Amino acid sequence: RLIILDFGSQYTQLIARRIRELHVFCEIHPFTHAPNLVISDDIRGVILSGSPCSVREDGAPNPDLSHILGRVPVLGVCYGAQLLAYQGGGEVLPATIREYGRARLAELDHSAPLLAGMHVESQVWMSHGDTIKTLPAGYNIIASTPEVAVAAFHIAGQPTYGIQFHPEVTHSTEGKQLLRNFVVEICGCDQSWTPEHFVDSAVEALRNTIGETDQVILGLSGGVDSSVAALLLHRAIGPRLHGIFVDNGLLRKDEFAAVLQAYEGLGLNVTGVAAAPEFYKALEGLSDPEAKRKAIGRTFIEVFDREAHKVEGAAWLAQGTIYPDVIESVSVKGPAVTIKSHHNVGGLPEKMHLKVVEPLRMLFKDEVREVGATLGLPGEILNRHPFPGPGLGIRILGDITPEKVDLLQRADAVFINLLKQHDLYQHVWQAGAMLLPVQSVGVMGDERTYERVVALRAVTSVDGMTADWAHLPYEFLAEVSNKIINQVRGINRVVYDISSKPPATIEWE
Ligand code: XMP
């Protein structure tokens with residue numbers, strides 16, 4: 001495996017994903033782990049990530065790397081490269097000219113294994129405020145651009161390299177080649193990290209971990225992660241996996257029945273719990289978004305706990321946690337802030353004395369999908385948009401009643417079905433309708449109406465952290481609006497949300 005030491009760059013996860021795309025397993029560790037990193041046989045190489053810091057600043061990350069350098073191949077990227085130069089006694093200074101964006105390699109040492117197969121004029125992506133002015137003795141330049149003399153270097157006598165550009169972004173056109181050179185040729189990593197290999201080893205690990213008579217409980221949501229976790233566990237332990245799928249009354253139209261049926265079709269042992277009235281009762285009179293989230297989360301735990309207690313011999317709680325939730329985030333420039341409290345089954349394992357098993361905790365989202373496809377998960381679940389745990393509860397602004405849920409479910413279904421019919425569903429990352437707490441005047445036939453407004457939201461995104469509103473065709477939006485207003489009695493106005501995140505969020509609450 002390969003270790004990526006994270007110095008807080010926004011691109012660290014992207015490096016990991018590129019390496020996984022080469023079918024090589026890698027892990028991200030915060031730079032603070034560097035001193036404890038024991039270079040054993042199974043660590044084939046280390047990558048030092050970029051950072052928003054400058055090596056010249058007081059308090060900038062500067063871990064001792066002496067036990068790593070020279071023992072395994074090391075690649076410093078941007079800050080990582082500057083750190084290598086700085087620690088060796090080189091000079092790192094603020095760049096005098098702009099070094100952001102596209103650049104072209106003007107000179108390139110073709111004999112350097114790191115650059116094998118790359119070309120002069122190759123486009124690389126720069127993003128740094130500091131530049132390496134002088135290199136320590138024994139550090140040799142292997143690539144330059146017209147503006148950046150030290151675009152890449154190699155430390156003589158050891159497999160240590162530094163590069164000032166970012167090979168992980170697609171704008172570095174031969175970046176993948178460079179990473180391949182490092183990971184496969186220089187580190188000698190096996191390219192065996194495939195979905196099939198993952199399934200085999202995960203199933204074996206699950207069988208070894210979970211006792212032979214232990215029962216495992218898993219909360220299913222109809223989403224990709226929990227569904228893939230279920231299939232994997234099912235393959236490992238069969239009917240000793242007990243899936244629990246709760247209808248909180250805030251799912252999409254007809255979703256409870258459809259998803260339950262899909263799970264049954266896959267042979268999974270799943271109990272559907274129709275608990276809508278309990279959720280509506282807990283939500284009565286609440287209109288503050290966080291209060292609604294808490295009420296939904298609390299009720300979910302009550303319902304889930306009750307169902308789980310019916311399973312005799314339950315020893316494990318499985319969760320569909322994925323790698324981005326696990327990576328310890330590095331905060332080098334102030335603490336990370338939680339903007340909304342995202343609900344999960346927190347507190348449940350302790351309360352029920354269950355051990356936690358998380359079969360997907362090393363996978364990125366795209367890998368979860370690949371594994372799901374390998375396990376035969378139907379496309380309808382595999383390619384489903386993300387859907388928030390509190391569901392329509394945070395898409396009905398203000399207080400929630402069953403009537404409002406029904407109204408929103410019908411409007412939302414028109415929107416989603418038309419997205420699918422027009423082949424637009426897969427082109428947006430997430431979509432849905434919001435029921436606004438306003439009424440507006442309209443006219444239908446000869447009659448004046450005073451009814452509700454629905455806002456449509458569709459975004460493009462990679463991970464939900466940032467998002468752009470989807471530029472859906474006007475004709476399509478016209479059709480959705482017409483159909484909602486004609487078919488959903490109680491809605492007489494449809495608007496389209498054209499805000500990006502940030503500063504807006506994807507959900508309205
Ligand atoms: P925002 O609205 O923060 O949403 O831009 C980003 C992503 O998170 C989802 N989301 C939630 N998911 N519980 C969840 O499980 C929540 O309380 C919650 N709030 C937002 C949202 O749907 C989007 O995918």
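## Helix 11 and its surroundings

Gly-376, with a positive phi near 85 degrees, follows helix 11. Helices here are DSSP runs of H or I covering at least four residues, strands are runs of E covering at least two, and both are numbered from the N terminus. The model is a predicted one, in which local features need pLDDT of at least 70 and side-chain atom pairs count only at pLDDT 80 or more, while totals for chains, interfaces and linings use all residues. Residues are numbered from 1 along each chain as its sequence is written.

Helix 11 spans residues 365–374, and Glu-367, Val-368, Val-371 and Gly-372 are buried in it. A residue is called buried if 20 or more other C-beta atoms lie within 10 Å of its own, exposed if 12 or fewer do, and partly exposed in between, with C-beta atoms placed from the backbone. Viewed down the axis of helix 11, the buried residues fall within an arc of 145 degrees, so they line one face of the helix; the arc is that of the directions from the helix axis to the C-beta atoms. An α-helix has 3.6 residues a turn, so residues three or four places apart point the same way. The cover over the buried residues of helix 11 includes helix 1, helix 4 (195–209), helix 5 and helix 12 (379–382). Contact means that the C-beta atoms of two residues, placed from the backbone, lie within 7 Å.

## The annotated binding site

An unreviewed UniProt entry gives the annotation "binding site" to Ser-221, Gly-222, Gly-223, Val-224, Asp-225, Ser-226 and Ser-227. UniProt positions are given in the numbering used here, feature names are shortened, and annotations may be inferred rather than shown by experiment.

Asp-225 is found in helix 5 and is buried, with 21 other C-beta atoms within 10 Å. Leaving aside neighbours within four places in sequence, Asp-225 is in contact with Gly-320, Ile-322, Leu-360 and Val-368; Val-368 is one of the buried residues of helix 11. Ser-226 also belongs to helix 5 and is buried, with 20 other C-beta atoms within 10 Å.

Five strands form an open sheet in the order 15-14-13-16-17, with parallel pairing. Strand 15 (270–274) and strand 17 (355–357) stand at the edges with a single partner strand each, so one side of each is left without a neighbour in the sheet. On average, neighbouring strands of this sheet are turned by 30 degrees against each other, direction ignored. Two strands count as paired if DSSP finds at least two bridges between them. Strand 13 (residues 215–220) and strand 14 (residues 241–247) pair in the parallel sense over five bridges, and Leu-220 stands opposite Phe-245 in strand 14.

The largest nonpolar core holds 134 residues, of which Leu-2, Val-216, Leu-233 and Ala-411 touch the most other members. Helix 5 (residues 224–237) supplies the largest share of this core, nine residues. Such a core is a set of buried Ala, Val, Leu, Ile, Met, Phe, Trp, Tyr and Cys residues joined through C-beta atoms within 7 Å. Not counting residues up to four places away in sequence, Ala-411 touches Ala-433, Val-454, Ile-484, Val-488 and Ile-491.

An open sheet of eight strands runs in the order 2-1-3-4-12-11-10-7, with mixed pairing. Its edges are strand 2 (26–30) and strand 7 (107–108), each with a single partner strand, so one side of each is left without a neighbour in the sheet. Strand 4 (residues 74–77) pairs with strand 12 (residues 160–163) in the parallel sense over four bridges; there, Val-77 stands opposite Ile-163. Helix 1 (residues 12–21) packs on the sheet, touching strand 1 (2–6), strand 2, strand 3 (45–48) and strand 4, and its direction makes about 165 degrees with that of strand 2. Such angles run from 0 to 180 degrees between N-to-C directions, with axes fitted to C-alpha atoms, for helices over the stretch in contact.

## The annotated active site

The unreviewed UniProt entry places the feature "active site" at Cys-78, His-166 and Glu-168. These residues span 91 residues in sequence, yet no two of their C-alpha atoms are more than 11.4 Å apart, so they gather at one spot.

Cys-78 is in the loop between strand 4 and helix 2 (79–87) and counts as buried, with 24 C-beta neighbours inside 10 Å. His-166 is in the loop between strand 12 and helix 3 (175–186) and counts as buried, with 22 C-beta neighbours inside 10 Å. Not counting residues up to four places away in sequence, Cys-78 touches Gly-50, His-128, Gln-164 and His-166.
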